[in-house]
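Hi there,

Here is the structure I promised to pass on. Please have a look at it first, and then read my notes below.

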Amino acid sequence: MVERAGLENRNTRKRIVGSNPTLSAKLNSRVRLLLLLVAMLPLMVVASAPAAQTLSHDLESFIQEMVQQHQFSDVALRRLFARVEPNPAVISAISAPLTALPWHEFRKRYLDTARINGGVVFWREHAATLARARREFGVPEEIIVATIGVETTYGRYTGRFGVMEALTMLAFHYPPRAQLFRSELVQYLLLAREAQIDATSMKGSYAGAIGIPQFLPSSYRRYAVDFDGDGKRDLVKSTADAIGSVANYYKSHGWRAGEAIAVPAVVDPEGAAALLELGVKPQLKVGELKRRGVSPAAPVEEGPEAALIMAESENGPSYWLGLNNFYVITRYNRSINYALVVDELARELRARFQPEDHRGGGVKYNSRTVEPPIDADERR
């Protein structure tokens with residue numbers, strides 16, 4: 001029935017068209033137009049597609065290096081970088097870092113009551129994990145807590161910049177440190193592939209530092225540890241992993257358990273210039289520094305090597321003898337201000353932390369109950 005009805009319909013159309021030349025011509029014209037449109041369809045699709053993104057010569061070279069050296073997909077990388085939007089705020093932030101402030105201004109920012117109280121709370125909440133890190137890596141609890149406190153206010157402010165966006169800006173639009181950040185961009189892409197995450201999804205600092213301890217991608221890949229035993233190294237969500245990773249970082253850079261960090265010193269400013277030029281890495285023994293006119297303001301053995309350190313106080317230059325562990329802290333952040341504030345904050349935390357005073361909802365000491373801080377570094 002269906003075949004016969006179709007045949008009758010075709011015969012009917014044939015009789016109608018054949019008896020009407022005008023209608024036949026119109027149909028033929030429409031058929032030709034339809035065929036022409038079908039033939040042009042591929043060209044129309046190509047014409048309507050967005051033009052391929054033009055990449056800079058440096059970025060083209062970078063992509064080819066990633067393809068050849070690390071077996072990335074050329075197409076996948078081009079799609080990835082096409083999603084990265086330029087962000088001039090990255091360049092503005094790195095051009096005026098907080099660590100460049102005079103010491104006395106930087107110190108006030110990080111040694112306030114909120115950060116000290118918050119550190120005691122953090123220590124109390126993670127006391128067992130911090131104690132295990134001290135046993136396994138030899139780094140005291142207060143140094144780990146102070147480092148995390150300075151970096152992210154105990155994990156509360158881990159950054160608002162896209163890591164991919166920040167590293168791309170710094171690698172290709174910040175000549176003073178382009179080589180460093182190009183290397184970090186390589187490490188970040190490797191990290192994202194290893195962790196099987198979308199590289200554009202992670203947030204961090206304007207310098208591309210990640211997570212609770214603010215590790216750069218190279219440090220993340222090299223020093224992060226799985227300290228909570230869940231089978232992955234997660235510095236964004238796991239406080240335990242962050243604690244263990246900070247301790248591992250310091251140990252890997254030569255932390256010496258039980259040794260001093262920095263000792264205040266008195267020195268003739270005229271004689272200090274030559275010693276300051278030697279840098280922060282300890283090169284001269286304390287005894288030799290004493291013979292060169294440096295007078296420690298606290299007891300210190302003469303055998304260890306130290307470096308003369310200077311920072312700007314409100315009343316002029318202040319001096320310290322920076323020992324090995326001070327130098328190790330500067331490997332985390334190459335700023336004298338940073339290392340000084342981590343040391344001082346750590347001593348404040350050690351002096352105030354009293355495990356036996358724990359009462360639910362906070363840590364009680366000095367007849368007060370305190371809560372975690374709410375301040376943050378707006379540049380993150």
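Glu344 sits in helix H17, which covers residues 336-352. Please keep in mind that this is a predicted model. With a relative accessibility of 15%, Glu344 falls under the 20% cut-off and therefore counts as buried. What does Glu344 touch, once its neighbours within four places in sequence are left aside? The contacts of Glu344 are Trp103, Arg107 and Leu111.

The largest pocket has a volume of about 930 Å³, and 34 residues line it. Nearest its centre lie Arg177, Leu216, Tyr332, Asn333 and Arg334. Several helices each give two or more residues to this lining: H6 (103-110), H9 (141-152), H11 (178-195), H12 (217-223) and H16 (324-332). Which of them gives the most? That is H12, with 4 residues. By class, the lining of the largest pocket splits into 18 nonpolar, 8 polar and 8 charged residues.

Next, a pair of helices. Two packed helices are described by the angle between their axes and by the distance between those axes. For H5 (residues 88-95) and H10 (residues 163-173), the axes come within 9 Å and cross at roughly 75°. An angle of 65 to 115 degrees counts as roughly perpendicular, so that is how H5 and H10 lie to each other. On the H5 side, the residues that meet H10 are Pro88, Val90, Ile91 and Ile94. Their partners in H10 are Ala166, Met169, Leu170 and His173. This contact of H5 with H10 is made up of 7 nonpolar residues and 1 polar residue, with no charged ones.

Is H10 mostly covered or mostly open? H10 is mostly covered, as 9 of its 11 residues are buried. Among the buried residues are Ala166, Met169 and Leu170, which also meet H5. Val163, Met164, Leu167, Thr168, Ala171 and Phe172 in H10 are buried too.

Ala82 and Leu55 are 27 residues apart in sequence, while their C-alpha atoms are 8.9 Å apart in space.

Best wishes

Terms used:
Residues numbered from 1 in each chain as written. Predicted model: local features only at pLDDT ≥ 70, side-chain atom pairs only at ≥ 80, totals over all residues. Heavy atoms only, no water. Axes fitted to C-alpha atoms, helices over the stretch in contact; angles between N-to-C directions. Parallel < 35°, antiparallel > 145°, perpendicular 65-115°, else oblique. Contact = heavy atoms within 4.5 Å. Nonpolar A, V, L, I, M, F, W, Y, C, P; charged D, E, K, R; others polar. 1 Å grid on protein atoms, 1.4 Å probe; cavity = no way out; pocket = protein on both sides within 12 Å on 5 of 7 lines; lining within 4 Å. Points joined across faces, edges and corners; volume = space filled by probe spheres on them. Buried < 20%, exposed > 50% of the residue type's maximum accessible area, 1.4 Å probe, protein only.
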